[in-house]
Structure formats: structure tokens, C-alpha cells
Amino acid sequence: MDPALSTDVPTGRAVAYIFDGLTRFTPDAKVVPGLAKSWDVSPDGITYTFHLRSGVKFHDGSLFAAKNIVSTFQRVLDPKTKGGRGWPLYPIKGAEDFAAGKGQTITGLAAPNDTTVVITLKEPFAIFPKLLAMPVTSIVPNNPSADLGQKPIGTGPWKFVEWRHDDFLRFAKNPDYFDGPPKTDSLMARIIPEMSTATAEFEAGNVDILSVPDEAGKSWEADPEKKKLLTSAPALRFWYVAINVTRGPLSDVRVRQALNYAVDVSTILSAVMAGRGSVAAGVVPPTLGGADPSRKGYSHDVAKAKQLLAAAGHPNGIDVELWAATTDQSPRLSQAIQANLAEAGIRAKIVQRDASSVREAARKGASDLYVKEWWADYPDAENFLFPLLYSKNKGPGGNVSFYSNPKFDALIDQAHREQDESKRNALYTQADQLEFNDAPIVYLFFYKDVYAVQPWIHGFTVPAVFSGQRWTDVTISK
Amino acid sequence: MFAFIVRRLLLAIPTLFGVLVVVFLLLYVAPGDPVQEMVGERADPETIARLRKELHLDEPLLKQFTLYTGGVLRGDFGNSYITQRPIIRDIRERFPKTLLLAGSAMLLASVLGITIGVLSSRHPGGWFDRLGLGVAYLGISFPVYWVGLILILVFAVMLRWLPPSGYGGIKYLILPAFALGSRSIAFLARITRSAMLDVLGGDFVRTARAKGLRERAVVIRHALRNALIPIITVLGLDFGYYLTGSILTETIFSWPGLGRYVVNAITRRDLPAIQGSVLFLSVIFVLVNLLTDLAYAKADPRVAYS
């Protein structure tokens, strides 16, 4: 639970309970002030001045001040931390050099007094405050002990009490929390790897809130008693098939469009995913600015797919490898996709490996097609368009389609600099349309999170970003 | 006896070294990249290259191996790539829980398995024998995973007698121990029965009965004692099964033991954690084999080690 080392979703959740960043997410994915009560941006979009809250205390009693921001960001970027997740801070001037071991300080980061932090960026980056709400940029005390990951100390609404590894995490309310203490006294996160067991714990009444596994979704929806307990919301999670545009016939846009026409997404969504989600047309989720609700997705049209393949010079179809991990819904999705593709004459061989192996192969460019899911780190269209499709992010950066389109890149660059939100969203829409036509992806669906909530729990809302639910408004009547 | 133990322990060293080499090579050739697991879904090539260098993953295989082995010889199993915690601390924290689960399963299996086996052998072909045979077949055939889920469904969700999962007092232990031990109960019952049938036909049993001993004494003191050798063999072999079976059982019942630790380490390619745990489990395995051999001598005075 060391913010600087948090790369996965469960860690990020726990970090968000204990720590605060300069900004934070609400469950419905708004960015609101955190440790900074407000901020100003210079007209050129380069300099951010954050005005900090005063009198905020860490759980160990020490006083939070601007210098904590400086030391925290240095710690995240410091090669000695061995974190490797400094990219949210890279927009800051000198941050990348510092991370590479060049330079004693981060040149673009200064704390002129206890309640002010001035951040100078390399170039304008209008959504920068959103990145400061990510778990990795959470503020830690000065000179934290080497054991911070085991005994975390933050300023957040919950104080860390106990971590029984692979069993549970326990937190107690921070009565002094600057935004008002949580409404319950304690919070416990059970760590249950087997979803059937987690479901059993909920049914036995031992667990108050459960993220309902896909497998259980259908039978719960069908049971009127259980259906009453379900609550859901669109998540910023995108299921898609990355098409490696550099490999063989896949470099032809007609072949990639044929793949999209061949896959019957709405049937797969209802049959495999219990209808949890909405069919995607582009990579920007409908809940975010920049999404174009009028855009129609590729329909399920086998004849059209065959026609496009023939036009591309493959009247007898093509052979591709479809890579999928052994976890989550990947195996079932890949089988359904394989069957759909076969109807259009696309012979897909499924290559199923553990998640780590598949990821490594895809990042090296060794996969043709790769069924995968993307979880947003922050609620912005940029968090989909940029990592998944920007040319510099090919491979480990997230662009496993190896898509490269200078026009697309230029639109994203322009959006990065654009300070006006509606203009920025218009640029996102254009970029999304552009890549949608190029089809470097088989657009599947945006996932919908479903939670089961016991009748005695009130005030829970499903968060759009995983770190957006901090349980401060939840109450219990039992 | 003492010389025997020392010799066996010395012989364990090349075995463990072999384990070290095999695990190291396997992880080296296995696909998947630990650094990419550390940095998460979005990373830049520079960071990846830097971390690879810091962890010596860019060194030649032999160099990496000597670095690691050197650490192990000094008692340093390295730190987890993911949490940066010393592996030895992780193992120390989790192994007692796995041992508790495996030990309870073993105890349960021996008591139930041997009892069923002995009772079955008393009247071969009788109703208890046939019932025991049926149950044993079921026990051997059902996979741990399935047994575990059914136990949770029946005893935790429907009857609400026991908690479905987690770690705590004895009530948390019952279901996982039973799930883990179920196969062994069946196995032991079969072995005990056939060993007892062999022995019960022996002359010394007739002698024992002839000199007027009570049936109980005949069966337990004379027959069972002589039937123990195959039973001990099975128990010793099964211990390895308990350690591997605990991986599944611990996952189903959210038991925070070493089995789950290894699984997590494998999925995240946490190399030091995998190597350390496998090596540690190998040590345990070697020790259990030694104990099994010593138990032979205890059970059968004709077996003597020098």
C-alpha cells in the first residue's frame, strides 16, 4: 500500500482510503480539490499554482505542508524507489530527468511557502490536475519509514489498522479528516480470490458489499430477491480486441473493418457478459466528454465482412492468431469471437496463456489479435485515446495495436494543450472518429460494474474510477 | 541412527541445489516479464530498461544465478519485486498457516481414514465395508476444488454452521481441512483395509486370538501395528500432496497461507518470491521424507538405519 509502488487496482483502492492527493475523484468521476483547496493556471497553461489546506494532519500527528508535496513527488520519481510508475508526473518540467538520475531536484516543482506549491509543466497539459488524483501521486509524510507499504500513514479519511496478508485489511475512521470524518467507524476489505467464495460470504451475510462476478450476474438478475440488492453504473473499463496493424493482412484497413463487421458484439455482450455493458463505437466511453453518441458502431454484417476481405485480396479468408489470457472473461470472449470470425472466413487460432505472458507477447508485437480490457486511471477521454493509440505509446506504453497515424497524433497533441474543455472534447471526438475509421481495434463494449449491497447499507454508489469510492458517505442500519 | 540422519541431510544439499537450478532455469525460459508486471499497464521503455538493470535482469544467466545463489547461501532470499518486502518475512508469516491447515488435514485424514480402513477390514464384504468403498471412490474422484465449493454451499450458505472462508479460530479451519483431507481419507481407508486384510490372515494373529486376547487388542496392538508400514508410506507421500493441494484449498477458502502466496507470485512474475517459496517447500519435502523413513524404524523394529 505504498502509493509510489501502487500499480494495480486493489492497491490503488486501499491507497485512496488512506491517502489524499492534491486532487481527488468523486464516485461519479468528477475531479474535486483534495489537499489543494484550489488552483490557478497561468494563461499559457504552463504554470499551476496550488493553494493548499492548512492544519491538515497525517495520521501520526505530523502536520502536512507544501514540502510534503515536493518530497513525495521526488520519492515517486526517485530511481531508488524502484517504483517505475512515475509517468503521471512526467508532464512536470525536469521530472523525467530526475527519474533518470539526472539532476538533484525536479526543476518544475517549488514550494514557496507552507501552503503553496507551484508546478511548471514542460508544455501545456490541461488535464494535469486529473493525474494528481491518481493513487501513485498521493502525498506521504516526510521521510516515511521503509515499511510505509505495510503500515501506511496518510491524511485520508481512513486510518490503517491491520493488514492480514491475503486475508483482510482493516481501517478505522479518521475523526479529524478535513472533509468531515466517514459516517461509519470502521472499514474492512476482505481479500477473497475465489469469486464463488466471495458470493457465498455475501449470501451468508458476512460481507456488506460485493462486486458481483460476471458468472453470477445472470442468475442474480433472474432472482427477484437478489435483484433488489443489485446496483450498477457504467465503469470506465473498455473491452476490446487490439489488432496489430503491422502484421500481414491486418495492415489493410479493409481487413480490420471486416473483423469489426464479423464480430457480433451485442450477442456476445448478452451471452457472455450477462448484458453488462454498452456496445462501443470508438474508444471513448459514453459517460466522458468527447464521446460521440451519434456515431454508430460497426454492425454485425457477415456479407459485408466477406466483401471487404475479397476486396482486400483475400477471397478465401485469412488466418490469424487470437491471443487471450486465461483469466477473467478472456477465454469465453475469445471463443465467441473466434466463432464469429469463422463465419466470415477468418480462421482465428486461439493462443491462450497466462496474463503476464500474453501481455509480454503483445507488447513485443508478437500477437495478431489480443482480447483485452483497459481500466481508466483517470476520467478523461485522453486516458483511452492516448495510451491505446498514440504512436509513441506503441508496445509497453499501451498501444498494442501499434497504430500510428500522424493526423491522430496531431489532434491528441492539440487536445493536450487546449485549455477550453468543450474545444478539447471536440478534438477528442475528431480523433476518435479518425481511429474508428482506421479500425486498429475491434470495438467490443464498455463494461458496467454491478455490485450487490445488503439492505442495511446506505449511501453506496458505484464508482466510475476504481479509486473514486472512499466509503465516507456509507452508513449502516443494523 | 544419528549418522544416518546426518548422511541424509548432507545428501539433501545436492537435491536442493538441483531444485534451485531447475526453478531458476524454468523461470528464465518461461514467458512473461517481471518488470512489466511491476510497472503496470502503462510504462515507458526507459523505465523498464532502468528497472531491468537495477534488478540485474539484464545480466547473463550465469551471473544472475550466482548472484541469487550467493544471496541464498548468506540466508538472503531477496526482496519481492512487487512489495519490496524480504521474501523470508513473507514465508515466515504464511508458512505456519499452511502448516496448520496441512497438519489438521493430515490429522483428520489419519484418524478417519485409518478408522474406516480398520472397521472395513473387520468384515470384508459387509455393509460397512461396501459403504466405505463407495465413499472412498467418491473421495478419490472428486477434485478438491469441487469438494471445497460444495462444503461452502452446504455448511456455510445453507446451514450457516461454519464461516465460508477466512482465517481465524477452529471453526474457520474445519471446512478447508476437510476439503484438503478428503482425498487422503479415502486413500488411507483403502490402504489400511488391504494392509489389515493381509495381516489379519497371518499366523501371529491366530496365535494372539488363541492365547485369549480380546479382539480389540488383537486388531489394534497386533494387526494394525504390523499393517502400519504401507500406511506411513502413504502418509509421507500425501504430505507433498497437502502442500500442493493447499494451493487450491487456500484459494477457495481465502486461507492466507503459502500456497496462495506462490500463486500470486507466479501470476505477477515475482521471481524472488517464486524461487524462495519453491526452495523452502523443497526443504520441507526433504525433511518430511526423512521423518517418514525414521517412522518406519519406529513402527518396525526390523528396520534399522546405520
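The questions and answers below go from one chain to the other, then to single residues.

Analyst: This is a predicted model, in which local features need pLDDT of at least 70 and side-chain atom pairs count only at pLDDT 80 or more, while totals for chains, interfaces and linings use all residues. Residues are numbered from 1 along each chain as its sequence is written, and chains are lettered from A and ligands numbered from 1 in the order in which they are written.

User: What pattern does chain B follow along the sequence?

Analyst: Helices (DSSP runs of H or I, at least four residues) and strands (runs of E, at least two) are numbered from the N terminus. Chain B has 12 helices and 0 strands. Read along the sequence, its pattern is α-α-α-α-α-α-α-α-α-α-α-α.

User: How many Å separate the centres of domain 1 and domain 2 of chain B?

Analyst: Domain bounds come from an automatic or database domain assignment, and for chain B this gives domain 1 (35-76) and domain 2 (90-299). The C-alpha trace of chain B spans about 85 × 55 × 30 Å along its principal axes. Taken over C-alpha atoms, the separation of the centres of domain 1 and domain 2 of chain B is 40 Å.

User: What percentage of the 306 residues in chain B is buried?

Analyst: A residue is buried if 20 or more other C-beta atoms lie within 10 Å of its own, exposed if 12 or fewer, and partly exposed in between, with C-beta atoms placed from the backbone. For the 306 residues of chain B, the buried share is 38%.

User: Are helix 8 and helix 10 of chain B roughly parallel or roughly antiparallel to each other?

Analyst: Two packed helices are described by the angle between their axes and the distance between the axes; the axes are lines fitted to C-alpha atoms, for helices over the stretch in contact, and angles run from 0 to 180 degrees between N-to-C directions. Helix 8 (residues 170-200) and helix 10 (residues 215-252) of chain B pack at about 160°, with axes 9 Å apart. Angles under 35 degrees count as roughly parallel, over 145 as roughly antiparallel, 65 to 115 as roughly perpendicular and the rest as oblique. Helix 8 and helix 10 of chain B are therefore roughly antiparallel.

User: What is the handedness of the crossing of helix 5 and helix 10 of chain B?

Analyst: The axes of helix 5 (residues 87-122) and helix 10 of chain B come within 9 Å and cross at roughly 145°. A crossing is left-handed if the near helix is turned anticlockwise from the far one by less than a right angle, and right-handed if clockwise. For helix 5 and helix 10 of chain B, the crossing is right-handed.

User: Which helix of chain A gives the largest share of the side that touches chain B?

Analyst: Two residues are in contact if their C-beta atoms, placed from the backbone, lie within 7 Å, and 38 residues of chain A are in contact with 43 residues of chain B. The elements giving two or more residues to the chain A side are helix 5 (195-203) and helix 12 (355-364) of chain A. The largest share, 7 residues, comes from helix 12 of chain A.

User: How many of the 10 residues of helix 8 of chain A are buried?

Analyst: The buried residues of helix 8 (residues 253-262) of chain A include A:V255, A:L259 and A:Y261. They pack against several elements of chain A, among them strand 11 (230-243), helix 10 (302-311) and helix 11 (330-343). Helix 8 of chain A is largely enclosed by the rest of the structure, so the number of buried residues is 8.

User: Is A:Y240 buried or exposed?

Analyst: A:Y240 lies in strand 11 of chain A, and its C-alpha atom is 6.9 Å from that of A:F445, 205 residues apart along the chain. Leaving aside neighbours within four places in sequence, its contacts are A:K372, A:I441, A:V442, A:Y443 and A:L444. Because A:Y240 has 22 C-beta neighbours inside 10 Å, it counts as buried.

User: How many C-beta neighbours inside 10 Å does A:D214 have?

Analyst: A:D214 is found in helix 6 (residues 214-222) of chain A, and its C-alpha atom is separated by 6.8 Å from that of A:A274, 60 residues apart along the chain. Not counting residues up to four places away in sequence, A:D214 touches A:M273, A:A274, A:R276 and A:Q329. A:D214 counts as partly exposed because its number of C-beta neighbours inside 10 Å is 16.
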